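Visitor: I have a few minutes and some questions about labels. Can we look at the structure together?

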Amino acid sequence: MAARVVRRGLLLTVSKCNKNFAQRLLRGMEYNCGQVQTRAYNWGLSRTRARPACLACALCSSLQTRFMSSRNRPDGKVLETVGVLEAPKQQGKYETGQLFLHGVFGYRGIVLFPWQARLYDRDVGPTTPDSKTESLGHESKEVKGKTHTYYQVLIDIRDCPHISQRSQTEAVTFLANHDDSRALYAIPGLDYVSHEDILPYSSTEQVPIQHELFERFLIFNPSKSNLPSFSPRDTLQAWQKKNHPWLELSDVHRETTENIRVTVIPFYMGMREAQNSYVYWWRYSIRLENLGSDVVQLRERHWRIFSLSGTLETVRGRGVVGREPVLSKEQPAFQYSSHVSLQAPSGHMWGTFRIERTDGSHFDVRIPPFSLESNKDDKSPPAGYTL
């Protein structure tokens, strides 16, 4: 059964409707009726494809046609097979070495290790008493934090130029190990991916992902049955252990306003001494998703930043990171990362995005409040990129 996943220039930004349809379709497929092929659309040759052998194949081919017809395709490019699509896991976690396509941004990647985060979803009502939750109060509204799985992953660098709905190639940033309190450096091609955004596949290639850390962190091990063909090297386990405080994903915050969902993930980066005082740094990643059918555009941001030292800062500006992204059914999501520093070990951030409709009207989308917490007992600098 030749079921193809088509991506634009090795990339497909999948709308929520199409993603959910594809996952429901895959769950209902009979996997023994033939090889399930994942195909990357590298600005592809056109509509030539194998004749479907069953109804499920016909539906997949129809899905492929819709994706292909929605893209502008330069001439002279072809479809490339990248592997065999697997059924997404409805329960349990993906193992280290699992290859996947990102369900929203479409890039190829591989799982390094999982994180168990607390997801504070302000769109969800109170949960049952026996749920594993923690509370986060704000504006007299109690929000329950539920355990949710995310993954630290490597991104295939061949796909990075085509991820148009990201402000930059995703990276994990660290404080530099010297006296400049504002100096940062980054490891590009590292990302955090939610469990539901993983579309798993397998490959017989020994190096299916192009990233400078791939062969330093993973080794091809085809003898593993019913598991990914790649195992962690000792260097990956040592790097994870050494950098755990600066890589750890602990809290995720989510809120939806008028079909625009905002997800925030803060990361503590460490502390530096500057002019006889301490400066604490955080990185935060923000994803906006258009869950509706109307085309909208982000025009302005409005931040409120409160520090434990008692200061309250207001930040206003056009767009985010120099962009004013358009969110549509074809490209429903946009993600970016930024940084904030405080002269106190903790604080809070919250705010709004001003969104414009096609008729020129505006509305404000709430950014869920999130705390900035540091590890006050840890005075050592982050180990960063050391292996």
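Visitor: What makes up the lining of the second largest pocket, by class?
Guide: This is a predicted model. By class, the lining has seven nonpolar, four polar and five charged residues. The lining counts 16 residues, with P245, E248, S250, Y268 and E373 nearest the centre of the pocket. The elements that give two or more residues to it are α4, β14 and β21 (362-373). The volume of this pocket is about 320 Å³.

Visitor: Why is N243 called buried?
Guide: Its relative accessible area is 0%. Buried means under 20%, so N243 is buried. N243 is found in helix α4.

Visitor: How do you know that the side chain of N243 makes a polar contact with the backbone oxygen of W239?
Guide: A polar atom of that side chain lies 2.9 Å from the backbone oxygen of W239. The cut-off is 3.5 Å. The pair therefore falls within it and counts as a polar contact.

Visitor: Which residues have the most contacts inside the largest nonpolar core?
Guide: They are I110, L112, W239 and L249, in a core of 30 residues. Elements giving two or more residues to this core include β3 (99-102), β6 (141-155) and α4 (234-247). The largest share, six residues, comes from β4. Apart from this core lies another, of 29 residues, among them I260, V264, M271 and V340.

Visitor: What is I110 in contact with, leaving aside its neighbours within four places in sequence?
Guide: The list includes L99, F100, V153, L154, F214 and F230. Contact here means heavy atoms within 4.5 Å.

Note on methods: Residues are numbered from 1 along each chain as its sequence is written. This is a predicted model: local features need pLDDT of at least 70, side-chain atom pairs count only at pLDDT 80 or more; totals for chains, interfaces and linings use all residues. Side-chain values use heavy atoms; hydrogens and water are left out. A nonpolar core is a set of buried Ala, Val, Leu, Ile, Met, Phe, Trp, Tyr and Cys residues joined through side-chain atoms within 4.5 Å. Buried means under 20% relative accessible area, exposed over 50%, partly exposed in between (1.4 Å probe, protein chains only). Helices (H or I, at least four residues) and strands (E, at least two) are DSSP runs, numbered from the N terminus. On a 1 Å grid over the protein atoms alone, a cavity is a set of points where a 1.4 Å probe fits but cannot get out, and a pocket is an open set with protein on both sides within 12 Å along at least five of seven lines; lining residues have an atom within 4 Å of a point. Grid points are joined across faces, edges and corners, and a volume is the space filled by probe spheres set on the points. Ala, Val, Leu, Ile, Met, Phe, Trp, Tyr, Cys and Pro count as nonpolar, Asp, Glu, Lys and Arg as charged, and the others, Gly among them, as polar. A polar contact is a pair of N or O atoms within 3.5 Å; within protein, one must be able to donate a hydrogen and the other to accept it, and residues adjacent in sequence count only if both atoms are side-chain atoms.
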